[in-house]
Amino acid sequence: MPDNMRVGHGYDIHRLVKGRRLVLGGVEIEHTHGLAGHSDADVLMHAVIDALLGAAALGDIGEYFPDTNPAFKDADSSKLLQHVIDELHRKGWKPAQVDCTIIAERPKLGPVKARIRNHLAEVMCLDISEVNVKAKTAEGLGPVGQCEAIEAVALAVIVELQGS
Ligand code: MG
């Protein structure tokens, strides 16, 4: 791999519960259940954040936003992503591409994939052609397939910040 680019991988899972908002990739989605967590529990944002931190070899999301810190209670994960991108900039990197997959039995995410993709591109200052969002089910298998949780995985490419 060239010196001026790095690749990172991210994974997250959150439990689906009643009485919580469902936020995926910064987009609020109408559903009977939402994701449980200390922040807004945006499982996709968290996977993207870990992919970026991984690419820059900067550890993981728990080191930056511990769930014991009341400052991050119900935090907007789009803002956490912005914070991580600022940290990347300080280290001389910027996001270049992200590809991610949400695994959810319900709700059907086809209709909202484009909104999530647009939001991610906006927050990451990427062209829409540099962001991809995929959605799939777990075919009824395991906790995701039984609608007890939603999972997300992400791959991010970062490049050297020009002029840094
Ligand atoms: Mg998480």
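**Exercise 1. Which helix lies across E5 and E7, and at about what angle to E5 does it run?**

Solution. The model is predicted: local features need pLDDT of at least 70, side-chain atom pairs count only at pLDDT 80 or more, and totals for chains, interfaces and linings use all residues. Residues are numbered from 1 along each chain as its sequence is written, and side-chain values use heavy atoms, with hydrogens and water left out.

Step 1. Take the elements from DSSP: helices are runs of H or I of at least four residues, strands are runs of E of at least two, and both are numbered from the N terminus.

Step 2. Helix H3, residues 77-90, lies across E5 and E7. Its direction makes about 145 degrees with that of E5. Axes here are lines fitted to C-alpha atoms, for helices over the stretch in contact, and angles run from 0 to 180 degrees between N-to-C directions.

Step 3. Helix H4 (residues 113-124) also packs on the sheet, where it touches E5 and E6. The angle between H4 and E6 is about 145 degrees. Contact means heavy atoms within 4.5 Å.

**Exercise 2. Determine the strand order of the sheet and identify its edges.**

Solution. Step 1. Two strands count as paired if DSSP finds at least two bridges between them. The order is then E4-E1-E7-E5-E6, an open sheet of five strands with mixed pairing.

Step 1. Strand E4 (34-35) and strand E6 (131-136) each have a single partner strand, so one side of each has no neighbour in the sheet.

Step 2. Work through the antiparallel pairs. E1 and E4 are joined by two bridges and run antiparallel; Leu16 has Leu35 of E4 as its bridge partner. E1 and E7 are antiparallel too, with 11 bridges, and Gly8 is partnered by Ala156 of E7. Strand E5 (residues 93-103) pairs with strand E7 (residues 149-160) in the antiparallel sense over 10 bridges.

**Exercise 3. Locate the donors of the magnesium ion.**

Solution. Step 1. Donors are N, O and S atoms within 2.8 Å of the metal (3.2 Å for Na, K and Ca); water is not among the atoms, so sites may look incomplete. Asp12 (OD), His14 (NE2) and His46 (ND1) coordinate the magnesium ion at 2.1 to 2.2 Å.

Step 1. Along the chain, these donors follow the spacing D-x1-H-x31-H. His14 belongs to strand E1 (residues 5-17) and His46 to helix H1, 32 residues apart, and the pair links distant parts of the chain. Both His14 and His46 are buried.

**Exercise 4. Describe the largest nonpolar core and the surroundings of Leu81, Leu120 and Glu87.**

Solution. Step 1. A nonpolar core is a set of buried Ala, Val, Leu, Ile, Met, Phe, Trp, Tyr and Cys residues joined through side-chain atoms within 4.5 Å. The largest one has 48 residues, of which Leu24, Leu52, Leu81, Ile116 and Leu120 touch the most other members. H1 gives the most to this core, with 10 residues.

Step 1. Neighbours within four places in sequence are set aside for Leu81, which then contacts Met45, Val48, Ile49, Leu52, Leu120, Val123 and Met124.

Step 2. Leu120 lies in helix H4 and is buried, with a relative accessible area of 0%. Beyond four places in sequence, Leu120 touches residues including Leu44, Cys100 and Val133.

Step 3. Glu87, in helix H3, is buried with a relative accessible area of 15%. Apart from neighbours within four places in sequence, Glu87 contacts Leu58 and Tyr64.

Conventions: Buried means under 20% relative accessible area, exposed over 50%, partly exposed in between (1.4 Å probe, protein chains only).
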